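Here is a short briefing on helix packing, ligand contacts and backbone angles. Please read it alongside the sequence and the model.

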Amino acid sequence: MDVMVQAQGLRKYFPLRDGRIWNRRSVKAVDNVSFDIRRGETFGLVGESGCGKSTLGRSLISLYPLDAGRVIFDGQDLAALKKGELKKFRKKMQFIFQDPSASLNPRIKVKDILLEPFRIHRVGTAEERRQKIRFLLERVGLSKYHLSRYPHELSGGQKQRVGIARALALNPELIVCDEAVSALDVSIQAQVLNLLSDLQGDYHLTYLFISHNLSVVHHVSDRVGVMYLGKLVEVGSHDAIYASPLHPYTRALLSAIPGNGVDRIILQGDVPSPSNPPAGCRFHTRCPYKTPRCVSEEPILRNVGEDGHLAACHVP
Ligand SMILES: Nc1ncnc2c1ncn2[C@@H]1O[C@H](COP(=O)(O)OP(=O)(O)OP(=O)(O)O)[C@@H](O)[C@H]1O
Ligand code: SF4
Ligand SMILES: [Mg+2]
């Protein structure tokens, strides 16, 4: 399968503002992260709250400027593009947000929400736009009745369907789904996941599927990346990650899935602050296998198995 997106050494720090001008610390939300997304796959990104998943997803499609590193999309280094050219590439990369209520403008009707991408990118005539948004609405399981509704008149699942239709408007290649079903009831989650899967087949979409829910990621992903405190600690095929995880953090995360047949590994301690991460391996303060080397030397992500199975751990 060919590679669609190459993320190379991505870094995104947020300055810490607490009123003291001598405070130069920052939140190291994404720190030197590299991985590939293959064309047509669903790449699942998991990790505890605050580990940097959303920041990574946003940085990847230029919603946040990077502090370091580069993103190669379809062979093109996005940082090398002029503003107008980047806008063209942006059409290929869309984002579906966690909270459909917050991501849809409450003051405009569904019709105008869906027309927005066409207006911003100056695509299509008025008639073409009208036809396309009706088609999109039907494609996501809504009807023209919903065109004149405001977001607050829709259920959570319907709002997320509008968010999906909006993401599809300009025929994207990559969609970053950031906790796209986390805010929905379980029964609605399954419907929206099925819709995303159907759309992927019909439109050859590639997904970066971000979720703190390992069961959901298990269900949808072809490959999986595990993040801890701003770092990617393990990457592998669905089977490699779920059947033979190597990183102690991945193992602990997976052990928490109900009914997966392994003893639960309870991690001691809290996740350290991302503004002051531990030296060496960032996981060492909670790792049951740590050695002195783990405290002094940072493990790099290296090959540990077939088909690009990578893990960052000193202990084999
Ligand atoms: N715009 C921002 N300004 C400052 N700090 C931020 C900003 N966005 C995120 N952070 C911080 O960066 C770190 C990573 O946050 P991020 O939202 O990427 O994590 P996450 O893995 O998506 O978490 P969650 O599962 O809760 O959505 C956190 O410490 C967060 O507080
Ligand atoms: S490098 Fe050491 S501390 Fe880090 S995960 Fe591996 S064994 Fe644990
Ligand atoms: Mg997030």
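Axes are lines fitted to C-alpha atoms, for helices over the stretch in contact, and angles run from 0 to 180 degrees between N-to-C directions. Helices (H or I, at least four residues) and strands (E, at least two) are DSSP runs, numbered from the N terminus. This is a predicted model, in which local features need pLDDT of at least 70, side-chain atom pairs count only at pLDDT 80 or more, and totals for chains, interfaces and linings use all residues. Residues are numbered from 1 along each chain as its sequence is written, chains are lettered from A and ligands numbered from 1 in the order in which they are written, and side-chain values use heavy atoms, with hydrogens and water left out.

**α4 with α6**

- Helix α4 (residues 110-120) packs on helix α6 (residues 156-168) at an angle of about 25 degrees, and their axes are 8 Å apart.
- α4 is therefore roughly parallel to α6 (angles under 35 degrees count as such).
- The two helices, α4 and α6, cross in a right-handed sense (the near helix is turned clockwise from the far one by less than a right angle).
- On the α4 side, V110, I113, L114 and P117 meet V162, A165 and R166 of α6 (contact means heavy atoms within 4.5 Å).
- By class, this contact of α4 with α6 has 6 nonpolar, no polar and 1 charged residues.
- Ala, Val, Leu, Ile, Met, Phe, Trp, Tyr, Cys and Pro count as nonpolar, Asp, Glu, Lys and Arg as charged, and the others, Gly among them, as polar.

**α4 with α5**

- The axes of α4 and helix α5 (residues 126-139) cross at roughly 120 degrees and come within 10 Å.
- The crossing of α4 past α5 is right-handed.
- V110, K111, L114, L115, F118 and R119 of α4 make the contact with R129, K132, I133, L136 and L137 of α5.
- The contact of α4 with α5 divides into 7 nonpolar, no polar and 4 charged residues.

**Ligand 1**

- Ligand 1 is surrounded by 14 residues (a heavy atom within 4 Å).
- The closest are S49, G50, K53, S54 and T55.
- Polar contacts here are pairs of N or O atoms within 3.5 Å.
- A polar side-chain atom of S49 lies 2.5 Å from a ligand 1 oxygen.
- An N or O atom in the side chain of S54 is 2.8 Å from an oxygen atom of ligand 1.
- C51 uses a polar backbone atom, 3.2 Å from an oxygen atom of ligand 1.

**Positive phi**

- N32, not a glycine, has a positive phi of about 60 degrees.
- N32 sits in strand β2 (residues 26-38).
- N171, also a residue other than glycine, has a positive phi near 55 degrees.
- N171 is in the loop between α6 and β7 (174-178).

Terms used:
Parallel < 35°, antiparallel > 145°, perpendicular 65-115°, else oblique. Polar contact = N/O pair within 3.5 Å; in protein donor to acceptor, adjacent residues only side chain to side chain.
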